[in-house]
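Colleague: I am new to this structure. Please take me through the features one at a time.

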Amino acid sequence: MRGYLIQRAVVSVLILWIIASANFVIFQVVSPITPISGIVDPSFSPEMKEALLELYGLREPLHIRYIKYIRNLFTWNFGFSFQTMASVAEEMSWRLPSTILLLGSAMVATILVGIPIGILAASRRGSKIDVLAIGSGLLTWGVPVFFIQLLFMLFFSYYAYMTWGFKIFPSSSLYSTPPPTAPLAYMADIAWHLAMPVLTLVVGGFGSWALYTRNVMLESLTQDYVVTARAKGLSERTVLYRHAFRSTLPPVVTMIALGIPGIISGAMITEWIFSLPGIGRWYLNALMAADYPVVQAVLFIYAVLMILANLIADLLYGVLDPRIRVGARR
Amino acid sequence: MASIFSKEKRIIYARKITGFWEEFKRKRIGLVGVSVLIFFLMLAVFAPWLTPYDPVARRRVAEDFAMPAWMTIFPKFKDYPLTQEFSLYWDMEQGLEFIKSWGKAVDVEYQATTMETIDVELSTTFSYNDIPPNAFYFKFEWQAEDVISTEYSVRIRLDTPEGENQTTYLMWSQPRIQQAKGAHVDVESVEPFFRDMLGFDMSENPAPVIFSQKGEYTLLLRMRFKPLSSNASCHIELMNGRFVIPGRVHGILGCDDTGADLFSQLVYGTRISLMIGILCAVAGASIGILVGVITGYFGGVLDEVMMRLVDILLCLPFLPLLLTLVFLYGKSIFYIVLFIAIFGWQGLARMIRSQVLSIRETSFIECARAAGASRFYIIMKHVVPNVLPVAFASLVLSVPGAILFEAALSFLGFGDPRVPTWGKMLHHAYGFGAFTRLAWWWIIPPGLCITTLCLAFVFMGHSLDEVVNPRLRRRR
């Protein structure tokens with residue numbers, strides 16, 4: 001087990017390093033718009049150009065810049081935003097939690113809705129819930145989540161506001177203005193603001209989990225050990241959850257890890273649509289303003305999030321898959 | 001074609017295709033997918049015949065946020081008028097022989113005979129019997145040449161219906177012009193200076209006030225020529241004089257915030273979505289098949305390296321990366337297709353590789369090898385044909401992903417600005433107030449089109465998968 005863990009951790013750090021380097025290469029070497037052209041206006045005087053290049057450390061040779069860049073990334077030092085001149089790391093530290101809150105709650109909710117539907121669908125093939133699992137699974141492939149979100153926003157925020165004079169769910173931001181001061185009210189306020197983004201992400205995403213779980217469950221329900229369990233006279237419930245579902249967990253966890261890029265993309269568009277103060281919205285705004293320090297920092301953080309999630313999935317995989325545990329004991 | 005395949009081969013291929021079609025025909029959702037795809041293909045091909053408007057120029061054809069025309073079947077909107085357009089024309093009865101008129105253009109060849117001023121009047125009388133409009137605008141252009149010691153002026157006025165409160169509004173005027181010049185006049189009732197000139201408050205909308213009565217309105221354009229000497233002459237061409245009251249309803253899908261037709265944007269958007277979806281899928285599938293077959297068949301270090309690369313690519317945050325690349329390299333269709341294809345081959349490569357791994361061990365490959373076939377021959381003649389059906393199914397299944405990706409890019413404002421796309425419609429709808437105006441006709445159709453087109457490909461791919469994948473067939 002420990003060997004497996006160390007191996008996964010080393011691979012993760014390696015991938016992180018590759019992504020960070022790719023980031024550097026894209027922005028500072030091959031990009032047609034160099035960071036220099038982002039801050040230096042052609043109309044500036046030569047002295048001013050020199051001073052600016054000196055200030056941003058762009059006069060140094062490429063390899064020195066690369067080493068500094070990598071060191072800075074891994075020490076949480078992302079430099080200063082071209083736009084606001086404020087520290088990127090500082091802004092990151094208050095924006096990141098809201099993104100993690102959105103990502104985390106959306107993921108947990110999607111899985112909690114999707115997997116039970118998949119299990120039920122597999123245990124009752126041909127029933128209505130089976131049709132729901134297959135149908136929603138196919139729909140997930142074809143319906144853009146942002147369209148679902150726009151529809152929800154149109155009906156629950158704007159139509160509700162026009163008809164009844166209040167929004168069932170707010171259409172933007174994470175807090176009311178001004179935010180309530182009592183801690184409980186504050187949390188309720190955030191939950192109310194997060195409800196629609198999370199709900200729409202669940203509606204747009206649970207289908208693939210349901211369909212995948214169903215298919216894996218169907219596979220495992222035909223296995224010998226399930227037949228044995230039934231022959232032993234165990235209740236259907238025990239057979240389903242203790243025997244069949246248990247063995248579907250490793251592939252489902254793998255699926256979770258593979259689904260993370262999609263969830264991050266979805267969360268980014270969600271932040272954009274619902275004006276949530278997360279890093280996705282920040283990223284888009286920075287990109288449109290060619291604010292490279294912010295763009296690079298957010299890309300790096302996305303990679304870290306992704307790799308962390310992969311690592312957690314790997315750990316779970318290790319816990320869930322007896323073969324890996326047994327292999328480690330040897 | 002005949003020279004490429006021998007007759008026997010052609011028969012074999014024909015039989016394969018018919019057999020495949022026989023099997024595919026039995027999948028109901030597959031057929032639904034095919035018919036939806038054909039529908040969209042027709043839309044894409046016949047777009048210029050379906051709608052007369054240019055989708056990119058976004059020319060005003062009706063009022064901002066005009067509803068679809070068929071909304072008038074509901075009693076609440078039954079009084080909503082369509083766009084009304086009136087052309088200024090030259091009344092022959094004025095009997096001035098130096099004026100020629102054809103169509104919407106009037107040619108004035110002024111030659112002074114006496115020292116009197118001469119008026120040339122163009123007018124149009126129209127009846128307006130609908131609910132008061134929110135806006136109106138008028139346009140005309142003139143071109144003056146060879147102005148010799150002549151002073152001319154141009155003015156436009158509007159008379160409201162006759163009766164007690166008949167009012168005359170001076171809409172536009174330009175006095176005492178002596179040089180040869182021309183102008184494009186394009187005046188909209190929303191412009192503050194225009195409101196000021198009409199004597200309205202800057203914040204007051206003149207359109208509903210002016211058109212508050214039902215009846216005959218007269219619009220008059222007068223050109224007054226004043227000779228400054230006896231040899232005065234000038235040549236003026238007046239074109240495209242028209243007065244427009246934009247309708248509150250328009251076409252099949254209404255209008256956006258600039259009053260541009262939405263149906264044309266939707267129809268032309270089909271082309272881009274189809275093109276991007278299919279191009280990306282084909283490009284991605286080509287890379288995937290190439291990588292999958294080579295790594296699967298040869299194995300070794302290359303396989304190891306490629307599979308690690310796939311691992312890394314699979315855990316990249318691809319939407320942010322794609323946005324960055326598109327931003328850096330330019331928002332063009334070419335780069336969008338290229339980048340989506342680069343990020344879209346890994347899954348297929350893995351699948352093909354596993355297929356090739358099992359095909360490699362089969363006896364017919366062994367036979368071919370024993371018979372002395374070269375590696376290239378075996379790959380092209382035995383391996384590739386065996387993985388193609390599966391690859392084709394997943395190619396079809398990867399189309400919706402590409403379409404959704406392009407839609408997301410366009411929706412976030414990173415699409416090609418030169419082409420109309422469904423994502424861009426949603427981008428504009430989100431950014432230009434479709435929500436506060438509850439303009440569902442701007443939000444729902446593009447989203448619905450993306451969804452239907454993607455689902456068509458999902459259905460087809462799913463059915464194809466069942467046909468070519470015997471494992472799936474048995475299970476159902």
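This is a predicted model: local features need pLDDT of at least 70, side-chain atom pairs count only at pLDDT 80 or more; totals for chains, interfaces and linings use all residues.

Colleague: How many helices and strands does chain A have?

Modeller: Helices (H or I, at least four residues) and strands (E, at least two) are DSSP runs, numbered from the N terminus. Chain A has 13 helices and zero strands. Its C-alpha trace spans about 85 × 65 × 40 Å along the principal axes.

Colleague: What share of chain A counts as buried?

Modeller: Buried means under 20% relative accessible area, exposed over 50%, and partly exposed in between (1.4 Å probe, protein chains only). Chain A has 330 residues, and 47% of them count as buried.

Colleague: Is A:Ser12 buried or exposed?

Modeller: A:Ser12 is buried, because its relative accessible area is 10%. It sits in helix H1 (residues 2-30) of chain A. Contact means heavy atoms within 4.5 Å. Leaving aside residues up to four places away in sequence, A:Ser12 touches A:Ile307 and A:Leu311.

Colleague: How do I read the interface of chain B and chain A?

Modeller: The size of an interface is often given as the accessible area lost when the parts come together. Buried area is that loss (1.4 Å probe), summed over both parts. Between chain B and chain A it is about 4400 Å², and carbon and sulfur atoms give 80% of it. In contacts, 44 residues of chain B meet 52 residues of chain A.

Colleague: How is empty space found?

Modeller: Rolling a probe the size of a water molecule over the atoms shows where empty space is left. On a 1 Å grid over the protein atoms alone, a cavity is a set of points where a 1.4 Å probe fits but cannot get out; a pocket is an open set with protein on both sides within 12 Å along at least five of seven lines; lining residues have an atom within 4 Å of a point. Grid points are joined across faces, edges and corners, and a volume is the space filled by probe spheres set on the points.

Colleague: What lines the second largest pocket?

Modeller: The second largest pocket has a volume of about 890 Å³. Its lining has 19 residues; B:Tyr13, B:Lys16, B:Pro385, B:Leu388 and B:Pro389 lie nearest the centre. H12(B) gives the largest share, nine residues.

Colleague: Where is phi positive in a residue other than glycine?

Modeller: Most residues other than glycine have a negative phi. B:Leu438 has phi near 55°, a positive value. B:Leu438 is buried, at 14% relative accessibility. A:Ser173 also has a positive phi, near 70°. A:Ser173 is partly exposed, with a relative accessible area of 26%.

Definitions and conventions. Residues are numbered from 1 along each chain as its sequence is written. Chains are lettered from A and ligands numbered from 1 in the order in which they are written. Side-chain values use heavy atoms; hydrogens and water are left out. Buried area is the accessible area (1.4 Å probe) that two parts lose on being put together, summed over both.
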